[in-house]
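Open the model in your viewer and switch to a cartoon view. We will go stop by stop, selecting a few pieces each time.

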Amino acid sequence: MKKILIVEDDPSIIQMYSMKFKESGYEVLQAGTGVEGLELAKKENPSIILLDIIIPQFDGFAVLEKLRDDANTKNIPVILLTNLSQDTDKERGKKLGAKEYLVKAHLTPTEVLKKAEKYIK
C-alpha cells in the first residue's frame, strides 16, 4: 500500500485530506509539526509528502531543506500545500525542490489527490 505523509497543524484539514487519500487506497501518516514530519518521513519513507508551510517546530521550508539534505529522504516527492500565495514563497518552494506548490483555497481534495498521484511511483 502506498503511504502519504500529511504534515499539517490544522486537524480539520488533516481529516479532510486523510479521508480523500484513504478512500483512494492510501495509507495516511499524519504529523502536526515540522519535527514530527521529519521523523515520520525518515522512519516510514512515504511515497509522497503533503507539507504545509505554516507549522510549529520548523516551518515547511525548513522541513523541505532538511528532507533534501538527507540521503534517505531527498528523493521523496514533496508537494507544498499552503495558504501562502505570494510568488516569492512559490519560487522559494520550487528552489528547495518541491514538485508542486498548491494553494489550499484554490483546490478541492480531489484535485490535490490527482496532482499528488502524478508523483507517486
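This is a predicted model: local features need pLDDT of at least 70, side-chain atom pairs count only at pLDDT 80 or more; totals for chains, interfaces and linings use all residues.

Select helix α2, residues 34-44, and helix α3, residues 60-69. Their axes come within 10 Å and cross at roughly 25 degrees. Angles under 35 degrees count as roughly parallel, so α2 is roughly parallel to α3. The crossing is right-handed.

Now show side chains where the two helices touch. On α2, pick Gly-34, Leu-38 and Ala-41. On α3, pick Val-63, Lys-66 and Leu-67. How do the residues of this contact divide into nonpolar, polar and charged? Four are nonpolar, one is polar and one is charged.

Next, hide the side chains and turn to the sheet. Five strands form an open sheet with parallel pairing. Trace the order: β2-β1-β3-β4-β5. Which strands stand at the edges? Select β2 (27-31) and β5 (100-103). Each has a single partner strand, so one side of each is left without a neighbour in the sheet. Look along the sheet for its twist, which averages 20 degrees from one strand to the next.

Zoom in on β1, residues 3-7. Five bridges join β1 to β2, and the two run parallel. Find Lys-3: Glu-27 in β2 stands opposite.

Last, bring back the helices that pack on the sheet. α2 touches β1, β2 and β3 (48-51). The direction of α2 makes about 145 degrees with that of β2. Then select helix α4, residues 87-95. Helix α4 touches β4 (78-82) and β5, and its direction makes about 145 degrees with that of β5.

Terms used. Residues are numbered from 1 along each chain as its sequence is written. Side-chain values use heavy atoms; hydrogens and water are left out. Axes are lines fitted to C-alpha atoms, for helices over the stretch in contact, and angles run from 0 to 180 degrees between N-to-C directions. Helices (H or I, at least four residues) and strands (E, at least two) are DSSP runs, numbered from the N terminus. Angles under 35 degrees count as roughly parallel, over 145 as roughly antiparallel, 65 to 115 as roughly perpendicular and the rest as oblique. A crossing is left-handed if the near helix is turned anticlockwise from the far one by less than a right angle, and right-handed if clockwise. Contact means heavy atoms within 4.5 Å. Ala, Val, Leu, Ile, Met, Phe, Trp, Tyr, Cys and Pro count as nonpolar, Asp, Glu, Lys and Arg as charged, and the others, Gly among them, as polar. Two strands pair if DSSP finds at least two bridges between them.
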